[in-house]
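Here are some exercises to work through with the structure open beside you. Try each task before you read its solution.

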Amino acid sequence: MKLASNGGPQAVSRPIGAFTSIGQEEAQAASDVVLSGSLSGFFGSPRPGYFGGNEVQKLEAAWCERFSVEHAITVNSATSGLFVAMGAIGLSPGDEVIVPPYTMSATAAVPLYFGGIPRFVDIEEETFCLDVKLVEKAINQKTKAIVVVNLFGHPARLSELRALADRHGIFLIEDNAQAVLGEENERRCGTVGHIGIYSLNIHKHIQCGEGGVCVTACKDLATRMAGIRNHGENVIDWLDISDLSNMIGLNLRMPEVSAAIASVQLKKLDPLVERVEKIGQTLTKGISGLSGFAPPMVRDGCRHNYFMWSCRYDEAELGLSRTAFIEHMRAEGVPLAGGYVPPLYRLPAFQKRMGIGRDGFPFDRSEIDYAHTFCPV
């Protein structure tokens with residue numbers, strides 16, 4: 001068979017178009033908000049509107065019901081969700097936060113704003129999620145929290161990590177941007193940690209362009225997250241907040257139009273997730289038995305949402321570099337990409353200990369040498 005890269009016909013001749021889940025229902029919801037004249041119901045002062053407008057509060061209530069959680073706090077992005085979570089747990093200068101090196105950069109960068117120090121711990125070879133045994137070895141007197149990422153849609157070892165966090169008196173925060181309906185032993189991803197963070201970014205299973213939701217079973221953490229989201233310094237007495245650490249809030253609020261679109265998307269959650277799960281399972285079945293390829297692993301008792309279908313490729317067995325293989329597949333009309341992100345500790349911010357303030361703060365409070373950090377997996 002003559003390959004397309006050598007002048008032959010493409011194996012996949014029909015272009016694979018982009019998918020969008022946004023339709024008439026979302027357009028109508030957005031239009032209704034615009035015509036109402038109230039694009040934001042938030043006020044940054046003690047009054048009922050402090051917690052947002054009708055659409056924001058409707059979305060938070062619907063999120064609580066859908067995921068069986070006590071409290072849901074909307075924000076304008078999952079990155080903001082990580083920010084309010086770090087602040088809510090009382091992260092202070094010099095505190096360490098255990099993070100994976102293989103994730104979107106915000107997971108590791110956000111602790112720096114509160115003076116926290118990321119400590120990178122390696123991932124499992126098959127699931128790409130934090131290695132629990134290595135996490136336990138990394139915990140020390142400075143450790144304040146573990147941020148676990150349910151990467152590509154597969155759950156990390158959440159129950160083990162929660163038990164580990166509770167045993168050491170630290171927080172477990174789930175970055176659940178990619179596994180909205182992921183499950184481990186019938187427990188939903190995002191609901192096992194002390195705080196779970198979901199993304200409503202345009203690339204996620206459901207979306208409103210930009211947005212995020214934080215969930216927790218703890219009323220105190222919910223109140224603190226709401227304060228950091230919306231000028232918390234103005235409501236300390238009104239909300240009877242006793243711990244004033246990190247309560248100088250920002251404006252990280254979700255607009256009413258975004259909340260209205262997200263509410264419509266939430267109603268479509270099951271079929272949207274099932275669609276990508278079917279695609280992932282079909283791809284896995286299609287390459288089963290092919291030497292040199294290892295499809296995404298799904299641990300027993302887990303549900304994989306396939307935010308990405310991440311196949312491992314063995315260059316040595318196949319005698320062809322990954323780059324060359326991808327070039328050939330793209331020539332055949334198959335949309336493949338190689339890798340995900342370089343290990344985050346290689347970013348200049350860590351290699352040069354740039355920090356976010358003068359003289360490299362907060363890295364000047366830590367002896368961690370990122371230049372010699374190495375996570376082989």
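Before we start, one term: contact means heavy atoms within 4.5 Å. Keep in mind, too, that this is a predicted model.

**Exercise 1.** Trace the open sheet: in what order do its strands lie, and which strands are at the edges?

*Solution.* Step 1: follow the 7 strands across the open sheet, and you get the order β1-β9-β8-β5-β4-β2-β3, with mixed pairing. Step 2: look for strands that pair on one side only; these edge strands are β1 (71-75) and β3 (117-120). Step 3: check the twist, which averages 25 degrees from one strand to the next.

**Exercise 2.** Find how β5 and β8 are joined, and the bridge partner of glutamate 174.

*Solution.* Step 1: β5 (residues 171-175) and β8 (residues 195-199) run parallel, and 3 bridges join them.

**Exercise 3.** Which strands does helix α7 lie across, and at what angle does it run to β1?

*Solution.* Step 1: locate helix α7 at residues 219-229; it lies across β1, β5, β8 and β9.

**Exercise 4.** Is glutamine 178 buried or exposed?

*Solution.* Step 1: find glutamine 178 in the loop between β5 and β6 (183-184). Step 2: its relative accessible area is 8%, and buried means under 20%, so glutamine 178 is buried. Step 3: look at its surroundings; beyond its neighbours within four places in sequence, its contacts include Asn150, His205 and Tyr340. Step 4: a polar atom of the glutamine 178 side chain lies 2.5 Å from the backbone nitrogen of phenylalanine 152.

How values were computed
Residues numbered from 1 in each chain as written. Predicted model: local features only at pLDDT ≥ 70, side-chain atom pairs only at ≥ 80, totals over all residues. Heavy atoms only, no water. Pairing = 2+ DSSP bridges. Helix = DSSP H or I, 4+ residues; strand = E, 2+ residues; numbered from the N terminus. Axes fitted to C-alpha atoms, helices over the stretch in contact; angles between N-to-C directions. Buried < 20%, exposed > 50% of the residue type's maximum accessible area, 1.4 Å probe, protein only. Polar contact = N/O pair within 3.5 Å; in protein donor to acceptor, adjacent residues only side chain to side chain.
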